[in-house]
Amino acid sequence: MEAYAKQELQKGQKSSAAFKWWIGSLVVLLAVGGYFIIERLVFGLETTNLSSITPWGAWIAFYIFFVGLSAGSFLLSSLIYVFGMYQYERIGKMALFTAVVCMIVALTFVLMDLGRPERFMNAMVFWNVISILAWEIHFYVVYITLLVVELYIAMREDLVRLRPANNIRGKIARMLTFKNSTITEETKKRDHRWMKILGIFGIPLAILGVHGGTGALFAVVGARSAWNTGLFPIIFVVSAMVSGTALLLAIYIIKTKVTKAQIDRKMVISLGKMMIAFLFIDLLLQFYEYLVGVYGLEPHHLHNMAIQMGGPYSWSFWGVQMFLGAVVPIFIVFYKKTSENINAILIAAILVVIGIIGVRFNIVVPSQIVPVFEGMPAGDYFPTLNEWMVSVGIGAMGLLIFTIGDRLLPLEEKPESLEGEGS
Amino acid sequence: MEDKSMSRRKFIKALGAFGAVAAVGPAFIGPIKQVFNGVWYDEGHGVGTDYQDYGAEDVIFSTCEQCNTYCTIKAYITSGKKEGPYSTVIRKLAGNQYSPLNMVPFGAIAYATPIDEAVKGNGDVKRGGRGARGGRICLKGQAGIQTAYDPYRVKHPLKRVGPRGSGKWKVISWEEAYDEIVEGSKDLGTPGLKELSAYVPEEGVMADWEKVKKGTMTQAAFDQKYKDVLVDTKHPDFGPKVNQVTFMVGDRRDFVQRFISNSLGSKNYYHHGGVCGISSVIGNVRSYSGQKKKKRQYADIDNTLFLLVWGTNPMVANKGPTWLAPKITNAIQNGMQMAVVDPRFSKTAEKAQIWAPIKPGTDAALALAIGRTIIEKNWYDEIYLTNPNGKAAAQDNEPTWSDATHLVNLSDPKRPKLRASDLGIGTEEQFVVIENGQPVPHDQAMEGELEVDKTIKGFKVKSSFQLYKERTMEKTIDEYSAITTIPKAQIKQIAKQFTSYGKRASILSYRGPAMHVNGYYTQRLIASLNHLIGSYDWKGGNITTGAFYQEFAGKYDLNTVPNGKKPWGIPTGRNGVKYESTSLFEKDGYPAKRPWFPYSPQTVGDVLPSALHQYPYPIKALITHRMSPVLSAPNGQIQEQVLKDPDLLPLFVASDVQIGDSSKYADFILPDTVYLERWGREAIYPNITTKLASVYQPVTRVFPNVRSFENSIIELAKRMGLPGYGENAFADGSSLDIEEDYYIKRVANIAYDGTPVPDANARELEVFSRARKKALGNYFDEQRWKQAVKPEEWKKVVYVLNRGGRFEEAGNEYVNNNHIKYSFGGQANFYDEGVAAGKNSYDGQFFEGMPFYEEIKSFNRKPIQPKQPLQFINWKARNMGTYRNVSSAWLREVRADNYIWMNKVDANRRGIKTGDTVRISNESITLEGTVYVTAGIAPGVVGSAYNMGQKGYGVERHTIDGQKQKSLPTYNHTSFKFKKPMHEDDGYPGGRGEGFPVNKLTELDSALKDGAIYDEIGGAPGQLDMFVDIKKV
Amino acid sequence: MLKQMLEKDWDRVADGMVPNAKEELDQSPYSTQLGMSMADDARKVVAGNMDIQSFHKKYHSSLLGEFGDLFTQEPPKKDGSSTKGVKWGMVIDLQKCVGCDSCTVACKSENRTPPGISYNVVLEEEVGEFPNVAKVNLPMPCMHCDNPPCVQVCPVKATFKLENGIVTIDNDRCIGCRYCIIACPYGARSYDFGESYEDEMLSFNDVTSPEYGIERGERGTRKTPIGTVRKCNFCLHRLERGEEPACVETCIGDARFFGDLNDPNSTVSKLANSPRAFRLKSDLGAGPNVIYLK
Ligand SMILES: Nc1nc2c(c(=O)[nH]1)N[C@H]1C(S)=C(S)[C@@H](COP(=O)(O)OP(=O)(O)OC[C@H]3O[C@@H](n4cnc5c(=O)[nH]c(N)nc54)[C@H](O)[C@@H]3O)O[C@H]1N2
Ligand SMILES: Nc1nc2c(c(=O)[nH]1)N[C@H]1C(S)=C(S)[C@@H](COP(=O)(O)OP(=O)(O)OC[C@H]3O[C@@H](n4cnc5c(=O)[nH]c(N)nc54)[C@H](O)[C@@H]3O)O[C@H]1N2
Ligand code: SF4
Ligand code: SF4
Ligand code: SF4
Ligand code: SF4
Ligand code: SF4
Ligand SMILES: [Mo]
């Protein structure tokens, strides 16, 4: 697969050395990760530091992180296609595609995490109507379908334009467009309408179903009082927006830098502000979470906070989530000297993404360190090498899919440039 | 079981063939419920009909030996993998439902219940909650399977390679092992048992010795005549050479003792009793006289209204939790009050109304304080105490009486009880009491005077009670309170409660107060408290039963060895010997080189330390059998020194199932069968009011090449030509060639005692054979087993074996309404004239006949001034039986460490928190442990369970035939430790070697070389008199 | 196996998988006659010539003995309502529990759970200061909740309640997501990582417990629960063979009681209704069927 892609890409495009390096390292990472994935599949979850006391770990954290990214990206795309914020149109399709890739990555993490991955189809076949997770799984399927359709429609014009191209991209474009290969004002309108409709469907789906729902997975667990609040799913959605925006921002900047294209500074700065705005809301909500938690005096909840903020992984809370993920980016975006600096904003965006990884980890792990029942052993958890490497592998897989998709599909809003490339 | 589910499936399948049945099937088949039941329910998957059901043919009843309680058990067996070395797999152990020991409070099922029915149970789970297919056993018992199937067991006879303790072994055949043990090993240079076992009867020797003394025989002639048979011709009282062959034995003591005493004729037969509860036993035995020995303080718990639990932990230990714990919890619920005297908050203390956290070793002072209170308030049972004999007692409907009124002759330096003959009013057998102001032989008086202090015919006399009373008054309650740290109010409360329920109160006591240097006196004073209420033999009172069906006599006399020997001489532990009567005393005088123990029958702990100094004479061979002196006897370091040294110990043979902390030094290890693979005989302590006899019998065989120690003894004895084995082994002329010859005869004795049991019917005979064929495969040779008894006895033997013993039905425990049927019926003694006449071997001072509170002292009579700040006690872990359960992962899951309990005050002072690793040390050693900070122990006192810290059982890896043992498995795939002291519920077993061996911390006696401090009367080492310091690592 | 015998399976069986039913019946130790006549009468029921109550009456007792309660229903009442079946429940008297963990080990032995999985734990908590201390020993099996959060969250209905109140896990369906472990407020569930005692307990892998009535043979082969979630099953297989759960049978403090909560005269019902009765974390609304006495 990788080899094929590489070959085709070489044929189709001028591949810079950096690009080769990029692809090469991803392939290597994927291969290394693959080894650990096989190890995990053969030996089961014994290869992890998971236990019956702390049954969920890094993979679940990454899973919700990526679902969050996906939802965030998608919601961002909706701002464009549904709410008509066309100033961001540059990143619209990228956002959709990112959303798809993130879901693929997220679900791969879930697959890795299942004790019986070979039974994953059970999740489709048997449906427990009262299980949020069962609903989630079905939502994910619908959501991914919707994303793909929407992306397709968003790209259709460009695909049609690509049809004549005498390379792999053209081939793919021809394959994907079937007979449906005309662009008229009418089709444009129709496509826009559909985009809007799908977007409108997608918004509640992403908010309620996908990310709110994922938050609800945690929020409904009465046994873990730190999760068990109504605000929890909302925080999930908001932090999804934070991370989605940040990720797209980062991708956009990096991509334009790598391709040495003209950067849309205005958009970047405003996206940066938007990111911080979401971050503020997120922090506000979290603040109330904690406030209510502290006032509630519920021992489990307090214990949970104590562990989050003072336990063995408090570095993740204070260092990653709060300092790197919030304080520094806020400073960058508001400090005069850095607020207009693209590189600084890029750093801010990346930090926000990393911060959200911390957030996810801090959601998943500390709650399982607190004994679920007073007197039972306290949990402990830090990923094993296997877990890290599997994660790296899956991450590499995601990036690879993204890179290849980006190369093969017209994701950039740059119809002009397509002409020249064809021949 | 397999057949069952197979046939069930088949049947249904077949039915299914008639399509119509399928149509109405759902009406019968639960999971296919047609109605929608609600969101929580589902059907059609996840549930089946395989229950692994079993019947009588899958069950064998036997005895548990995970601890020394010896509960009766039921083993459910199932076939294992064909490739396994084992004959069968034990699926599950439970209590024997025929036995009252396992069925509290419901009671055993009727003994006559056919075995099929018994195994099927009564089906009353829904309403009654019990199916009665099995009874209770404790956690250790449940885990017995892991003792048997442990791959680290010794599987073949091993012979040491290289020096002792080098950890290198080679496998030898049984023949080689026996030959080399009997004839000596050339390459190891060990002597053979044969050459070491010279025996000569006492009479001839002593007659000649008299001649030497009188001068009618020269020493040289005597030497010449006896140099090959006596240990030392200068000290003929040491006995025959065979006395240098020493045994330390843990179980199957009857069979083994028969060999040692009657076949070999060695006086050095030691068992674990000497480190178990010996001072308690001696303190009790010497507090009573009667037909039956009263060794222990037990209560008729079901009917007791106040139970004074003194230094024992029946919810966990004693004999045993299976039996005592449910009795106590139910009694409490029915209104019984309980006080627990224990320095720590034990599992029993948790349930008590009163916890008296006494300063360790001061129990005597507390007993005196309670005694004083009772006397001052006149709360004692005066009617009981004034009865001087059985007749008088009977008139008051009292089954027992006391010596309270008997006079003690204080004019005699030996302070014996005054005899009627002394006053010329009767015989030497009669004591004297004052009745109506006149001295009267005790058996002729009806009511004696309690408080007597006078001079009669020149004899200064006091009554026992007077002496006791004076003793209690020696200190004020304030002083007692200061010594014991027990508040006055609590002392009074215990005294009050104890005397408030008439005869329905009792003491339950064992090791805690007794395993101290002052243990004998302490135990005596505790017993004396019970004298004050005289609740012996009363329903709800203090019981002394031990009604066993006869085992060694009846159909077969199993103890007598035709042409057997009589052991004589001085045992190296100097137990049961008065120093003054020995030739060594003539030579050395006072002080003796080491303490002598004239009143104690068992002093296993000092055997090896004495051997280090060859006192009183060197030992030549040691055979250990299910006993580990290194772990369980005081000061393991010293014990080890001797075991290691071939000069001090030329031959060391261990019968063991593991390479243990002691057996690792052996020249030969004979791999014994574990309790689930063999016969045996040990029984629960006599704390039960119905008659019983339990049996051991093999349930499985895990490794093919192991042999029971009995079978080894038979082989060794035959090679040595000893009497009592092979043909004419028993008095009736029958032979003893395999262990069954002995044990099945024992079963016949049991079966025929009193009214014989019924014959097993055809079905039961069939069940018997089938179950054993299934369980034992080739190890079951029915024809051969049958030969052990007469053909007509066999069916009764089977009847008993099928039920795991013989158990008297409940319902007849009481006579005369409220007396215990199997009673003690003797005299309770405040005064011990035997001990009063004895002298300590240090300075020849007389011992005290009236017990007193004695501070912990060393051999030179000086109270010990501890150099360490903390007093260290120890106890039985709830999840480990002595040192033999550590191979059970299930038990190590419950807890694997012997945390050091420490009060917050002590912990804070040292900056220690729960879970901290600490150094625990005294002058001779420093060990590492983990602390548990608790409110359950007094400041200044620390303690831990004694059962951990092994190096054997696979912890140290040995090399066998050049191959290193596999290292022990570890559990918990994560890199985290979830366990915290007292919160170990992560489900992962700890390691076999965790914790520290408590006995390495034993206090050494500064007045002797290489010896622990000892109770010279009771014989206990100061196991609970340790002093340590603890520092954070 | 029976659990999968849905109607269509029966039909399939009937349609030829069993060539000669009579032969099969002959082979089974169960009476051929019974089988034949059941089949006959079943035809009558289907044809409407016999009512289902009479059918039940005729065969109920024979089948009860063989198949146990779980698989043999009471006949439907005339009015169509069914009689109330058994609802298993446990009562644990904390005054009597001596915190010995005999229940824990009995359960290990009975259910042959692997390292890391204990269906029952006993929590110990000390309260007070020297010398006024108390200890709480709290044994905890699965509570077999009325509204079990574990069932609520399971995406695939691998865990659910049986009519008799027992919360089951279908280890053949469970995908091992461990959500139920997260959701159980009582910490009753564990994941089977595949560990074993075999290295220090020969024969451990030979036999596994027929949990929920399903024989899984050797551990780790065939139908293994490894990779799925496990928990206390109220010893369903023991109940079906007329034994109380292993932990109840062995309880050293005589603190555990078991029986039918639907029967007001059962020992458990009486205890469960005593004023001392309480439930753990009752505010969560899970409705535990393990009831404690304080
Ligand atoms: N679980 C378990 N059960 C066992 C055994 C085992 O190893 N484990 N062993 C069996 C054997 S061999 C025996 S002999 C019995 C022994 O049965 P117990 O006599 O009940 O045994 P211990 O636990 O040694 O001692 C009892 C109590 O004495 C307390 N104690 C210590 N020092 C003092 C003191 O100075 N004064 C007082 N008043 N109390 C003190 C200890 O704290 C402990 O709680 O148990 C048998 N049952
Ligand atoms: N400080 C302190 N010391 C104590 C105690 C205490 O509470 N505190 N308790 C004392 C008491 S009550 C007792 S009874 C003793 C017990 O002391 P021991 O009798 O020495 O201990 P056990 O664990 O019964 O057995 C010792 C060894 O026998 C071997 N063995 C195990 N099973 C078998 C078998 O089936 N056959 C054979 N042949 N060998 C086997 C093993 O190597 C085991 O380590 O310890 C005493 N020592
Ligand atoms: S008390 Fe001892 S003998 Fe009885 S079951 Fe427990 S371990 Fe076995
Ligand atoms: S205790 Fe836990 S596992 Fe058991 S039924 Fe309730 S929620 Fe489910
Ligand atoms: S682990 Fe199994 S039983 Fe538990 S929720 Fe997931 S699928 Fe259901
Ligand atoms: S009911 Fe059975 S499965 Fe549940 S804890 Fe008790 S023994 Fe274990
Ligand atoms: S067996 Fe009984 S007494 Fe022991 S811990 Fe379990 S519930 Fe409590
Ligand atoms: Mo003992």
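Biologist: Which residues surround ligand 5?
Modeller: This is a predicted model, and in it the residues around ligand 5 come from chain C: C:C154, C:P155, C:V156, C:A158, C:T159, C:C174, C:I175, C:G176, C:C177, C:R178, C:C180 and C:V229.

Biologist: How do they divide into nonpolar, polar and charged?
Modeller: The shell around ligand 5 has nine nonpolar residues, two polar ones and one charged one.

Biologist: And ligand 6, how many residues surround that?
Modeller: Ligand 6 has 13 residues around it, and the closest are C:C107, C:N111, C:C232, C:C235 and C:C247. Two elements of chain C, α5 (102–111) and α9 (246–250), each give two or more residues to this shell.

Biologist: What about classes for the ligand 6 shell?
Modeller: In the shell of ligand 6, 10 residues are nonpolar and three are polar, with no charged residues.

Biologist: Let's switch to chain B. At what angle do helices α14 and α18 pack there?
Modeller: At about 115 degrees, with the axes 8 Å apart. In chain B, α14 covers residues 363–376 and α18 covers residues 464–473. Angles of 65 to 115 degrees count as roughly perpendicular, so α14(B) and α18(B) are roughly perpendicular to each other.

Biologist: Left-handed or right-handed crossing?
Modeller: The crossing of α14(B) past α18(B) is left-handed.

Biologist: Which residues make that contact?
Modeller: From α14(B) they are B:A367, B:L368, B:G371, B:R372, B:I375 and B:E376. From α18(B) they are B:F465, B:Y468, B:K469, B:R471, B:T472 and B:M473. By class, the contact between α14(B) and α18(B) has six nonpolar, two polar and four charged residues.

Biologist: New topic, the backbone. Where is there a cis peptide bond?
Modeller: One joins B:K319 and B:G320, with omega about -15 degrees. B:G320 sits in the chain B loop between β10 (306–310) and α13 (321–333). Another cis bond joins B:Y615 and B:P616, with omega about -10 degrees. The loop holding B:P616 runs between α24 (607–612) and β21 (621–625) of chain B.

Biologist: Why point those out?
Modeller: Because most peptide bonds are trans. Likewise, most residues other than glycine have a negative phi.

Biologist: OK, which non-glycine residue has a positive phi?
Modeller: B:D537 has one, with phi about 65 degrees. B:N563 is another non-glycine residue with a positive phi, about 60 degrees.

Biologist: Is B:D537 buried or exposed, and what is its relative accessible area?
Modeller: B:D537 is buried, with a relative accessible area of 0%. Its place is the loop between α22 (519–533) and β20 (542–543) of chain B.

Biologist: And B:N563, buried or exposed?
Modeller: B:N563 is exposed, because its relative accessible area is 73% and over 50% counts as exposed. B:N563 lies in the chain B loop between β20 and α23 (583–588).

Biologist: Last one, B:H235. Where is that?
Modeller: B:H235 is in the loop between α9 (219–226) and β6 (245–249) of chain B. With a relative accessible area of 9%, B:H235 is buried.

Biologist: What does B:H235 touch?
Modeller: Leaving aside residues up to four places away in sequence, B:H235 touches B:S583, B:L584 and B:K587. As for B:Y617, which is 382 residues away from B:H235 along the chain, the C-alpha atoms of the two are separated by 9.6 Å.

Notes. Residues are numbered from 1 along each chain as its sequence is written. Chains are lettered from A and ligands numbered from 1 in the order in which they are written. This is a predicted model: local features need pLDDT of at least 70, side-chain atom pairs count only at pLDDT 80 or more; totals for chains, interfaces and linings use all residues. Side-chain values use heavy atoms; hydrogens and water are left out. A residue is near a molecule or strand if one of its heavy atoms lies within 4 Å of it. Ala, Val, Leu, Ile, Met, Phe, Trp, Tyr, Cys and Pro count as nonpolar, Asp, Glu, Lys and Arg as charged, and the others, Gly among them, as polar. Axes are lines fitted to C-alpha atoms, for helices over the stretch in contact, and angles run from 0 to 180 degrees between N-to-C directions. Helices (H or I, at least four residues) and strands (E, at least two) are DSSP runs, numbered from the N terminus. Angles under 35 degrees count as roughly parallel, over 145 as roughly antiparallel, 65 to 115 as roughly perpendicular and the rest as oblique. A crossing is left-handed if the near helix is turned anticlockwise from the far one by less than a right angle, and right-handed if clockwise. Contact means heavy atoms within 4.5 Å. Buried means under 20% relative accessible area, exposed over 50%, partly exposed in between (1.4 Å probe, protein chains only).
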